[in-house]
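Here is a friendly briefing to read alongside the sequence and the model.

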Number of protein chains: 2
Amino acid sequence: MTKTLTTGAAALPLNTILAGDCIEEMRRLPEASIDLIFADPPYNLQLRGDLHRPDNSLVDAVNDAWDQFTGFEAYDAFTRAWLTEARRLLKPNGAIWVIGSYHNIFRLGAELQTQGFWILNDVVWRKSNPMPNFRGKRLTNAHETLIWASRAEGARYTFNYEALKSLNEGIQMRSDWVLPICTGHERLKGADGQKAHPTQKPEALLHRVLVGTTNPGDVVLDPFFGTGTTGAVAKMLGRDWIGIEREAAYREVAEARLDRVRRYDRDTLAVSASKRTEPRVPFGQLVERGLLRPGEMLRSMNGKIAKIRADGTLVADDVTGSIHQVGAHLEGAPSCNGWTYWSVRREGRDLPIDVLRQQIRAEMRDT
Amino acid sequence: MTKTLTTGAAALPLNTILAGDCIEEMRRLPEASIDLIFADPPYNLQLRGDLHRPDNSLVDAVNDAWDQFTGFEAYDAFTRAWLTEARRLLKPNGAIWVIGSYHNIFRLGAELQTQGFWILNDVVWRKSNPMPNFRGKRLTNAHETLIWASRAEGARYTFNYEALKSLNEGIQMRSDWVLPICTGHERLKGADGQKAHPTQKPEALLHRVLVGTTNPGDVVLDPFFGTGTTGAVAKMLGRDWIGIEREAAYREVAEARLDRVRRYDRDTLAVSASKRTEPRVPFGQLVERGLLRPGEMLRSMNGKIAKIRADGTLVADDVTGSIHQVGAHLEGAPSCNGWTYWSVRREGRDLPIDVLRQQIRAEMRDT
DNA sequence: AACGAAATTGAATCATTCG
DNA sequence: GCGAATGATTCAATTTCGT
């Protein structure tokens with residue numbers, strides 16, 4: 001469903017495919033309006049025979065060193081131009097993903113850094129079914145590289161740590177992702193039965209990217225939309241999307257694809273939340289609400305003892321302070337999470353005080 | 001053993017460690033004299049504050065002076081300078097490997113291309129046991145990237161396709177390599193018991209690089225020699241090597257290491273291939289299967305001797321026990337990996353018993 | 001001595017809120 | 001804007017400790 005958001009002066013054409021050159025189309029969009037950009041730029045400019053120098057003269061042969069240098073210069077200029085626009089469009093806490101192979105990923109990564117993007121991870125998409133190297137002259141090219149970067153150092157980028165951990169059977173998600181290439185019924189065909197796009201990315205790849213680094217309702221831009229994998233997965237996941245694509249043939253395939261896609265229901269979209277998103281509960285509230293009594297003793301796993309005072313501070317031996325401060329002092333540690341450090345005696349058992357905090361949070365949700 | 005080759009006007013100081021700055025030392029070497037360069041330059045990590053594990057222990061960060069640069073401009077200038085010298089030293093059909101992380105690999109790759117090197121593959125070293133992301137703020141940084149490039153487009157680089165295929169159990173070697181990081185017995189320690197170098201690379205990595213892209217007798221240069229992994233593996237594999245290292249402490253460790261290393265014989269080379277998650281093989285099986293005879297002597301790198309008994313235990317001086325226990329006792333160490341500690345005499349050479357274990361595992365796989 | 005538990009460690013750009 | 005306070009967070013392999 002097409003909708004528009006007004007951000008400052010200009011409107012944001014949500015959930016549409018813009019027809020045109022990505023740099024020109026990006027220039028028309030309002031700055032600081034996009035949460036995430038996913039970009040799969042062309043890497044084979046020098047092989048297409050349509051390479052132009054910055055002055056628009058045509059490059060003929062690309063075999064000698066001089067033309068090679070020109071080839072990189074032209075590619076770098078192109079990269080610099082679209083990344084500059086991309087950066088302008090991103091919200092301050094926005095982020096970008098780019099994907100490429102050894103032909104272009106080093107130019108992309110270097111330019112990202114030079115422009116001030118802050119690389120968060122490089123990620124390797126390890127293909128479980130790559131094309132072999134038929135001539136036996138090199139290693140099988142079995143991976144592509146993605147770069148995940150925030151708009152600037154210090155930005156508060158979105159990272160759904162727990163959701164990705166869940167996707168990985170409870171173990172922290174690593175920087176190497178094993179996923180099959182896009183084949184079978186997922187691979188879009190044109191009217192002639194041939195593949196509609198030469199480098200269609202698998203939905204599983206975008207699924208992991210969008211689940212991990214966006215939230216529902218975020219705006220995702222793909223300036224090299226192709227047949228619309230980014231839009232399709234964004235729609236399924238309840239994210240808004242904008243695509244830019246120059247080739248009419250790709251746009252047609254993408255439009256039809258996106259019409260077919262359905263958004264997941266709300267329960268499906270919910271992901272494992274991080275504890276960081278839970279509301280803060282001051283320890284003093286446990287005393288105020290009578291879950292703990294002043295004068296009662298707390299104890300740690302390793303037998304340390306402290307007494308609760310009426311103002312929610314603790315006393316132990318020679319020290320007074322918050323549950324965190326006293327815990328850290330008793331352990332000789334630089335810091336300590338008092339919520340997980342202390343327990344209280346209840347019905348003959350040690351009950352972690354974090355359980356009491358969860359009770360309060362449950363009450364807060366119900367009201 | 002040190003030897004020199006005369007190439008044109010200047011001599012090549014084979015199998016020695018040159019003390020000094022890599023750029024200056026490379027300038028003294030004759031052009032077109034090197035077959036392969038392996039370079040592990042500083043990564044320019046740009047670490048900020050301390051990082052603690054969840055148990056409050058402090059992570060031992062790489063904060064050495066040699067990794068400090070004022071910014072990307074300084075790092076790029078450094079990269080440009082040493083790559084220029086590296087390219088001058090390579091024979092026309094020579095090649096280079098560089099290794100890095102997302103902090104520096106994009107600068108390295110872009111500069112390689114700009115100078116006219118021709119990238120053959122990027123290779124991902126997927127670490128089986130990386131350090132986790134303790135704060136849950138990013139993906140686990142579980143890989144490093146290597147770039148393999150010939151001196152120029154069209155060069156006839158060395159690629160031992162069949163050898164790598166053998167290393168990979170008969171399947172074409174891919175661009176992603178799963179190898180453990182360098183720990184345990186292989187990790188070199190200083191006099192203080194601390195790691196001798198913060199970023200020592202595993203020998204298995206260099207083994208694969210050198211088997212795949214050099215021939216016996218080739219000259220391998222490592223301009224960032226560190227504690228000499230490149231030299232050690234080159235020596236084992238019958239390649240000549242040259243190391244350049246600025247820090248005297250690293251050179252000392254490397255010299256001692258290289259004195260200990262022995263060149264493999266051909267049989268050993270064939271077997272000492274891939275290390276992966278392998279089934280446990282009790283030492284006693286080597287005796288049961290006749291790969292070792294009761295009464296035969298084992299010896300360690302530093303000349304300790306022990307006799308094999310029929311039950312798979314060892315006897316040395318005043319002590320009896322497993323290969324691990326006897327090794328630990330002789331070293332006065334609390335523990336010892338007997339598999340890498342002991343060798344047996346075969347055809348006039350010392351053969352690590354780990355090679356025999358690999359033979360058994362190969363048989364287990366085949367049946 | 002043997003086994004299992006506990007401790008150690010690795011190229012790391014590793015926080016957010018409140019006053 | 002800045003300093004202080006709160007509080008969230010780890011995997012695999014090896015080595016050392018304890019029963």
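How many salt bridges does a search of the whole structure find over all chains? The search finds 38, where a salt bridge is a side-chain nitrogen of Lys or Arg within 4 Å of a carboxyl oxygen of Asp or Glu. This is a predicted model, in which local features need pLDDT of at least 70 and side-chain atom pairs count only at pLDDT 80 or more, while totals for chains, interfaces and linings use all residues. Residues are numbered from 1 along each chain as its sequence is written, chains are lettered from A and ligands numbered from 1 in the order in which they are written, and side-chain values use heavy atoms, with hydrogens and water left out.

**Chain A as a whole**

- Chain A has 12 helices and 16 strands; these are DSSP runs numbered from the N terminus, with helices being H or I of at least four residues and strands E of at least two.
- Of the 367 residues in chain A, 52% are buried, where buried means under 20% relative accessible area, exposed over 50%, and partly exposed in between (1.4 Å probe, protein chains only).
- Taking contacts (heavy atoms within 4.5 Å) between residues at least 6 apart in sequence, 64% of those in chain A join residues at least 24 apart.

- Helix 6 of chain A (residues 229-236) is largely enclosed by the rest of the structure, because 8 of its 8 residues are buried.
- Among these buried residues are Thr229(A), Gly231(A), Val233(A), Lys235(A) and Met236(A).
- The cover over them includes strand 4 (34-39), helix 5 (203-213), strand 9 (219-222), strand 10 (240-245), helix 7 (248-260) and helix 8 (266-269) of chain A.
- After helix 6 of chain A comes Gly238(A), with a positive phi near 75°.
- His207(A) sits in helix 5 of chain A and counts as partly exposed because its relative accessibility is 26%.
- Leaving aside residues up to four places away in sequence, His207(A) touches Val233(A) and Leu237(A).
- The C-alpha atoms of His207(A) and Ala234(A) are 8.0 Å apart, although 27 residues separate them along the chain.

**Salt bridges within a chain**

- Arg107(A) and Asp76(A) form a salt bridge, with the closest N and O atoms 2.8 Å apart.
- That pair links distant parts of the chain, 31 residues apart: Arg107(A) is in helix 3 (residues 105-115) and Asp76(A) in helix 2 (residues 65-89) of chain A.
- Arg107(A) is buried at 6% relative accessibility, and Asp76(A) is buried at 17%.
- Arg357(A) pairs with Asp354(A) in another salt bridge, the closest N and O atoms being 2.8 Å apart; both lie in helix 12 (residues 353-366) of chain A, 3 residues apart, or about one turn of the helix.
- Arg357(A) is buried with a relative accessible area of 12%, and Asp354(A) is buried at 11% relative accessibility.
- In chain B, Glu25(B) and Arg28(B) meet in a salt bridge of 2.9 Å, N to O.
- Glu25(B) is buried at 10% relative accessibility, whereas Arg28(B) is exposed at 59%.

**Where chain B meets chain A**

- In the interface, 50 residues of chain B are in contact with 53 residues of chain A.
- The two chains bury about 4,600 Å² between them, 49% of it on carbon and sulfur atoms; buried area is the accessible area (1.4 Å probe) that two parts lose on being put together, summed over both.
- Within chain B, Phe106(B), Leu139(B) and Arg174(B) lose the most area to chain A, together 18% of what that side buries.
- There are 3 salt bridges between chain B and chain A; Asp176(B) forms a salt bridge with Arg126(A), the closest N and O atoms being 2.2 Å apart.
- A network of salt bridges links Arg126(A), Arg174(A), Asp176(A), Arg126(B), Arg174(B) and Asp176(B).
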